[in-house]
Amino acid sequence: MKLSNLPDVRHDRSFAIVIGLCLVLTAILVAGCAPQPSETTNDLRVDVTLSPSPPVVGNSSVTLQVSDTSGEPVAVSDLQIEGNMNHAGMKPSFAEMQAVGPGHYEGTLDFTMGGDWFLLVTATTSSGATIERKIDVPEVGVQ
Ligand SMILES: [Cu+2]
């Protein structure tokens, strides 16, 4: 008499269902993690810090950190930050960014006018995927 077999069989079935679900999820994740060249990736985190904060008109220090979903730093190339205002007729402001550590970049951006700005961050990952982020910088102050 092996009465214990019955619960074990049930357990095995639910385990098989869990494994099946994991395989489906893994397939989706792998597909998402294998970008084609020129594809945009949303799997990376881009953190921008401005100093002074909140920023004021003039040169601001820009620090940018790229990391993956587990928080590990990710090095990128072709990093560009373009600052624009929300109204038309302004020249964009560009930040020259230098690598200062793993996935860590610093530069300077000139906020040429008080008001609402946004930053367009573009970069390329080692696998050729494009990172594009729009980061709002509201209410740049007038000194
Ligand atoms: Cu303006």
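The dialogue below takes up the overall layout, the core and one hairpin.

Modeller: This is a predicted model, in which local features need pLDDT of at least 70, side-chain atom pairs count only at pLDDT 80 or more, and totals for chains, interfaces and linings use all residues. Residues are numbered from 1 along each chain as its sequence is written.

Biologist: How many helices and strands are there in the chain?

Modeller: Helices (H or I, at least four residues) and strands (E, at least two) are DSSP runs, numbered from the N terminus. Here the chain has one helix and eight strands, in the order α-β-β-β-β-β-β-β-β.

Biologist: Which residues touch the most other members of the largest nonpolar core?

Modeller: In soluble globular proteins, nonpolar side chains tend to be buried together. A nonpolar core is a set of buried Ala, Val, Leu, Ile, Met, Phe, Trp, Tyr and Cys residues joined through C-beta atoms within 7 Å; buried means that 20 or more other C-beta atoms, placed from the backbone, lie within 10 Å of the residue's own. The largest core has 19 residues, and Ile 81 and Met 97 touch the most other members. Strand β7 (115-124) gives the most to this core, with four residues.

Biologist: How do β5 and β6 pair?

Modeller: Two strands pair if DSSP finds at least two bridges between them. Strand β5 (residues 98-101) pairs with β6 in the antiparallel sense over three bridges, and Gln 98 stands opposite Glu 106 in β6. The two strands form a hairpin with two residues between them, and Gly 103 in the turn has a positive phi of about 65 degrees.

How values were computed:
A residue is buried if 20 or more other C-beta atoms lie within 10 Å of its own, exposed if 12 or fewer, and partly exposed in between; C-beta atoms are placed from the backbone.
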